[in-house]
Amino acid sequence: MKSSRSTWVLLAIAAVTLIADQATKFLVVTYLAPHGAWAPIPALSNFFTIEYTTNTGAAFGLFKAWGPVFVAVAVIVIVAIMVYQNEVPQEAWLVRLALGLQLGGALGNLTDRVRVGHVTDFIYFHFWPVFNLADSAIVVGVILLAFTMLREERKPSAPVPKPNESADSNPPASA
């Protein structure tokens, strides 16, 4: 069993992610009309705006009628992260960060789906579909996890001694 401190680190990252996600969505819903837009940096208004939209489907508005399926998938992902994090070595802080971001993002979008029946999206780069902080946390978490897994694959492993030789023995001298 891993240290409870490691679990608390993961939960703290998830909590900060969830709070930031829900707070920004609250501000958008409170201060913008549905489909309303705001350019926080007027000089970039042709490139970036805050735009209040809702989404009952998956990323990019796909599968709009599948809302209940996404609730079930989110619950499965949350449980899987909580189970898997017990297997993560304590020193693997980048993996724990990645899992915390994914957990917080999944909880953020799940909260929306359960509370109001849709996800609130608002970050709009005009060359990309509208998204939110939870989506960003999930994507960054997945990228970090993939990065750490690829990095681990590239580490050279220590040679394993054969059963009949010890690590300290010298090879026999030839005659």
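Mentor: The following discussion takes these topics in turn. Please keep in mind that this is a predicted model.

Trainee: Let us begin with the helices. At what angle do helix α1 and helix α3 pack?

Mentor: Helix α1 (residues 4-31) and helix α3 (residues 93-116) pack at an angle of about 40°, and their axes are 7 Å apart. That angle makes α1 oblique to α3, because an angle under 35 degrees would be needed for roughly parallel. As to handedness, α1 passes α3 in a right-handed crossing.

Trainee: Which kinds of residue make up the contact of α1 with α3?

Mentor: The residues of that contact comprise 11 nonpolar, nine polar and five charged.

Trainee: How is helix α2 placed relative to α3: roughly parallel or roughly antiparallel?

Mentor: The axes of helix α2 (residues 67-84) and α3 come within 10 Å and cross at roughly 150°. Angles over 145 degrees count as roughly antiparallel, and α2 and α3 are therefore roughly antiparallel to each other. The crossing of α2 and α3 is left-handed, whereas that of α1 and α3 is right-handed.

Trainee: Let us turn to pockets. What is the volume of the second largest pocket?

Mentor: The general idea is that rolling a probe the size of a water molecule over the atoms shows where empty space is left. In this model, the second largest pocket has a volume of about 250 Å³. It is lined by 15 residues, of which P89, A92, V95, T148 and E152 are the closest to its centre.

Trainee: Which elements give two or more residues to that lining?

Mentor: These are α3 and α4 (133-154). Of the elements, α4 gives the most, with five residues. By residue class, the lining of this pocket holds nine nonpolar, one polar and five charged residues.

Trainee: The last topic is the aromatic rings. How many aromatic pairs are there?

Mentor: A pair of aromatic rings is described by the distance of the centres and the angle of the planes. With ring centres required to lie within 6.5 Å, the count comes to five aromatic pairs. One of these is formed by F47 and F125, whose ring centres are 5.6 Å apart with planes at 70°, so the pair is edge-to-face.

Trainee: Where in the chain do F47 and F125 lie?

Mentor: F47 is in the loop between β1 (37-38) and β2 (48-55), while F125 belongs to strand β3 (residues 119-125). The two are 78 residues apart, and the pair thus links distant parts of the chain.

Conventions:
Residues numbered from 1 in each chain as written. Predicted model: local features only at pLDDT ≥ 70, side-chain atom pairs only at ≥ 80, totals over all residues. Heavy atoms only, no water. Axes fitted to C-alpha atoms, helices over the stretch in contact; angles between N-to-C directions. Helix = DSSP H or I, 4+ residues; strand = E, 2+ residues; numbered from the N terminus. Parallel < 35°, antiparallel > 145°, perpendicular 65-115°, else oblique. Left-handed = near helix turned anticlockwise from the far one by under 90°. Nonpolar A, V, L, I, M, F, W, Y, C, P; charged D, E, K, R; others polar. 1 Å grid on protein atoms, 1.4 Å probe; cavity = no way out; pocket = protein on both sides within 12 Å on 5 of 7 lines; lining within 4 Å. Points joined across faces, edges and corners; volume = space filled by probe spheres on them. Phe/Tyr/Trp six-rings, centres within 6.5 Å; stacked < 30°, edge-to-face > 60°.
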